[in-house]
Amino acid sequence: MNTLIRKKRDQKGYTKNKKATLFFLLSGEHPTLPFSEVKSIFEAEGYKYRILEKLIQVLRVETDVDSIQAVEFRAAMTRVCGVELFSCNAVITEIVQKLLNTPLHDFIKGGESFAVRIQRVQGCVPHIVGMELERKLGKLILKRVKGTRVNLRSPNKTFFGVLTGKKLVFGLKLIDIPPTSFVKRNSNRLFFHPTVMSAKLARCMVNLAQPKTGNLVLDPFCGTASILIEAGLIGCRVIGLDVQRQMVEGSLQNLLCYDLNPEGIVVANARQLPISKVDCVVTDPPYGRSSTTLGLSTQQIISDFLIVIENSLPKRGKICIASPKTVGLGEIGKTLGFNHLESHFYYVHKSLTREIAVFERT
Ligand SMILES: C[S@@+](CC[C@H](N)C(=O)[O-])C[C@H]1O[C@@H](n2cnc3c(N)ncnc32)[C@H](O)[C@@H]1O
């Protein structure tokens, strides 16, 4: 586990190295990216894990409780993490029975206050009213653990359930991850350009490339540094290239704004790489709408870059690239001998759907 995460975890006093069934409520903005982001964080931080179930916006995993700190520190597309008490069909009698069978004293003691919160995600069963279920489960908890009381404003413990599809996943909430810091970073940039990528997508892409703290992350088409900022904020060293001087100067301004000192920000052509070793690559090459391609096709730029980067990456080093779906990223990477690990298709607007592909050096 990296030092930044350990420091955060120690401040919060979490139990170390304890295996549990955890659940993650994921953002509904994309059907596959948030799941892959959590998995990639486990991989990057070296947590052993077993995926139990993928439900709509919910991931159930058996892993170390500690891993929640890594997800809190790194994830852009996770909203809530908790330790699961039970999951079952969204049928009131079954839910009540499951709660009665749960060793509640392991999670709340007499003298503590609590709240029960139920969140519905799109497409869940229509017949259960969240507030009614909250009240019902709250009463049961009060009855079963003597000396507890309800406090909806600032409870000691929050029991949290997600109604997803035909199921309820119920547990103790450990952390909330509000998206506010990402939203702020979209508007708080000294240097802006219309090609800018959102902080949230940039962070997610960084996670998909699985860098560890201290790893060197390259963005060879860095533009305004959105990707480099997100990599820097999770403790990576960063290096950026852009063929336009004004972008390089702007990138540097934006990085310094977050106290991030890059290893290098260079005016350079990514097709003639001036670097010999990096740990991974996260990038969003130009596709000729608002960003220059210097007269080349996006396919050509990406192919040329993939050819020159191969020997600068370690074995199994990852590359996460975004490009319009029509470019056919997956095929380009495979043809050049990279392992194509995954592709996600991200709708931006009517005439742009991005493919976000992850490759690995063989
Ligand atoms: C889509 S923009 C990157 C946007 C960036 N992700 C952001 O959020 O600001 C692509 C960038 O690639 C740069 N570029 C174009 N051709 C290049 C090349 N051959 N080598 C390096 N940079 C190049 C452009 O100047 C542009 O800034």
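1. Ground rules. Residue numbers start from 1 along each chain, following the sequence as written. As this is a predicted model, local features need pLDDT of at least 70 and side-chain atom pairs count only at pLDDT 80 or more, while totals for chains, interfaces and linings use all residues.

2. Confidence. A contact here means two residues whose C-beta atoms, placed from the backbone, lie within 7 Å.

3. Two domains. The assignment gives domain 1 as 3-176 and domain 2 as 180-360; such bounds come from an automatic or database domain assignment. Taken over C-alpha atoms, the two centres are 33 Å apart. Where they meet, 16 residues of domain 1 are in contact with 15 residues of domain 2. On the domain 1 side, the elements giving two or more residues are helix H1 (3-12), helix H2 (33-45) and helix H3 (67-74), and H2 gives the most, with 7 residues. Helices (H or I, at least four residues) and strands (E, at least two) are DSSP runs, numbered from the N terminus. By class, that side of domain 1 has 8 nonpolar, 5 polar and 3 charged residues. For the classes, Ala, Val, Leu, Ile, Met, Phe, Trp, Tyr, Cys and Pro count as nonpolar, Asp, Glu, Lys and Arg as charged, and the others, Gly among them, as polar.

4. Helix H3. How many of the 8 residues of H3 are buried? The count is 7, so H3 is largely enclosed by the rest of the structure. Buried means 20 or more other C-beta atoms within 10 Å of the residue's own, exposed means 12 or fewer, and partly exposed is in between, with C-beta atoms placed from the backbone. The buried residues of H3 are Ser-67, Ile-68, Gln-69, Ala-70, Val-71, Phe-73 and Arg-74.

5. Leu-168 is in strand S8 (residues 167-176) and counts as buried because 25 other C-beta atoms lie within 10 Å. Leaving out residues up to four places away in sequence, Leu-168 touches Ser-87, Cys-88, Ala-90, Ile-95, Gly-161 and Leu-163. Lys-157 sits in strand S7 (residues 157-164) and is partly exposed, with 18 other C-beta atoms within 10 Å.

6. The ligand shell. Which residues come nearest to the ligand? Of the 26 around it, they are Met-197, Phe-221, Gly-223, Thr-224 and Ser-226. Near means that a residue's C-beta atom, placed from the backbone, lies within 6 Å of the molecule or strand in question. Helix H8 (226-233) and strand S10 (237-242) each supply at least two residues of this shell. The shell divides into 13 nonpolar, 10 polar and 3 charged residues.

7. Most residues other than glycine have a negative phi. Ala-225 has a positive one, near 80°, and lies in the loop between S9 and H8. Ala-225 is buried, with 33 other C-beta atoms within 10 Å. Gln-210 also has a positive phi, near 55°, in the loop between helix H7 (199-208) and strand S9 (216-219). Gln-210 counts as buried because it has 23 C-beta neighbours inside 10 Å.

8. H6 against H7. Helix H6 (residues 180-187) and H7 pack at an angle of about 115°, with axes 8 Å apart. Axes are lines fitted to C-alpha atoms, for helices over the stretch in contact, and angles run from 0 to 180 degrees between N-to-C directions. H6 brings Phe-182, Arg-185 and Asn-186 to the contact, and H7 brings Ala-199, Lys-200 and Arg-203. That makes 2 nonpolar, 1 polar and 3 charged residues.

9. Ser-312 lies between helix H10 (298-309) and strand S13 (318-324) and is partly exposed, with 16 other C-beta atoms within 10 Å. Ser-312 and Ala-199 are 113 residues apart in sequence and 27 Å apart in space, C-alpha to C-alpha.
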